[in-house]
Amino acid sequence: MSVLIFIDTVEGHVKKASLEALTYGAKIAEQLNTTAEGVVLGTVKDDLAALGKYGVKKIHHVNNPALDHLDAQTYTKTIAAVTEKTGAKIIVFSNNVDGKSIAPRLSARMKAALVSGAVALPDTSKGFVVKKNVFSGKAFANISLNTD
């Protein structure tokens with residue numbers, strides 16, 4: 001089991017939000033005593049090996065120019081294939097427009113739990129509980145996940 005982190009790009013460059021997602025995913029992997037791996041789609045101009053400093057051990061690069069622009073359905077199918085190949089049980093997305101368009105589709109496709117907008121590392125002492133903002137950020141909810 002590994003943690004897979006979606007690395008979002010724009011015009012071939014890794015978005016800053018993806019660096020935060022990489023760090024978050026790597027810390028989850030550390031908590032679970034497993035490895036963090038990234039997945040990036042399309043043409044990339046940045047040095048992917050440099051992303052290792054954010055805690056990922058491996059990057060899965062699906063280098064296909066057809067993936068240079070977001071198509072949520074195509075991205076979902078591609079990420080699902082990488083997930084099955086890697087055996088990842090946890091997938092991390094940035095809480096941005098791209099993540100919000102892909103993650104729910106992937107969750108439905110894989111029959112997996114989904115929590116959007118996590119604000120802290122999960123509590124893994126009694127399962128997998130994720131803290132998130134609710135009521136326009138005025139309160140928090142702890143969501144217990146019962147599936148991958």
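Predicted model: local features only at pLDDT ≥ 70, side-chain atom pairs only at ≥ 80, totals over all residues.

Biologist: Okay, how many residues does helix H1 have, and how far does H1 reach?

Modeller: H1 runs over residues 16-31, so to speak, with 16 residues in it. From its first C-alpha to its last it reaches 23 Å, close to the 22 Å expected at 1.5 Å a residue.

Biologist: Which residues of H1 are buried?

Modeller: Those are Ser18, Ala21, Leu22, Gly25, Ala26, Ile28 and Ala29. They cover an arc of only 160° around the axis, so they sit on the same side of H1.

Biologist: What covers the buried residues of H1?

Modeller: The cover includes strands E1 (2-7), E3 (13-14), E4 (35-41) and E6 (90-92).

Biologist: What comes just after H1?

Modeller: Asn33 does, and it takes a positive phi of about 55°.

Biologist: New topic: where is Ser94?

Modeller: Ser94 is in the loop between E6 and helix H3 (97-110).

Biologist: Why does Ser94 count as buried?

Modeller: Because its relative accessibility is 9%, and buried means under 20%.

Biologist: Which residues does Ser94 touch?

Modeller: Leaving out residues up to four places away in sequence, Ser94 touches Ala17, Ser18, Ala21 and Gly99. With Ala17 there's a polar pair too: a polar atom of the Ser94 side chain lies 3.1 Å from the backbone oxygen of Ala17.

Biologist: Now the inside. How many residues are in the largest nonpolar core?

Modeller: It has 21 residues, and Val3, Ile5, Leu51 and Val92 have the most contacts inside it. E1, H1, E4 and E6 are the elements that give two or more residues to this core. H1 gives the most, with five residues.

Biologist: What does Leu51 touch?

Modeller: Not counting residues up to four places away in sequence, Leu51 touches Ile7, Val14, Leu19, Leu22, Val56 and Ile59. There's also a second, separate core of 14 residues, which includes Val39, Leu41, Ala80 and Val82.

Biologist: Last one: how do E7 and E8 pair?

Modeller: E7 (residues 129-134) and E8 (residues 139-144) pair in the antiparallel sense over six bridges. Val134 stands opposite Ala139 in E8.

Biologist: And what's between E7 and E8?

Modeller: Four residues, and the two strands form a hairpin. Phe135 in the turn has a positive phi of about 50°.

Conventions. Residues numbered from 1 in each chain as written. Heavy atoms only, no water. Expected span 1.5 Å × (residues − 1). Buried < 20%, exposed > 50% of the residue type's maximum accessible area, 1.4 Å probe, protein only. Arc of directions from axis to C-beta. Contact = heavy atoms within 4.5 Å. Pairing = 2+ DSSP bridges. Polar contact = N/O pair within 3.5 Å; in protein donor to acceptor, adjacent residues only side chain to side chain. Core = buried A, V, L, I, M, F, W, Y, C linked by side-chain atoms within 4.5 Å.
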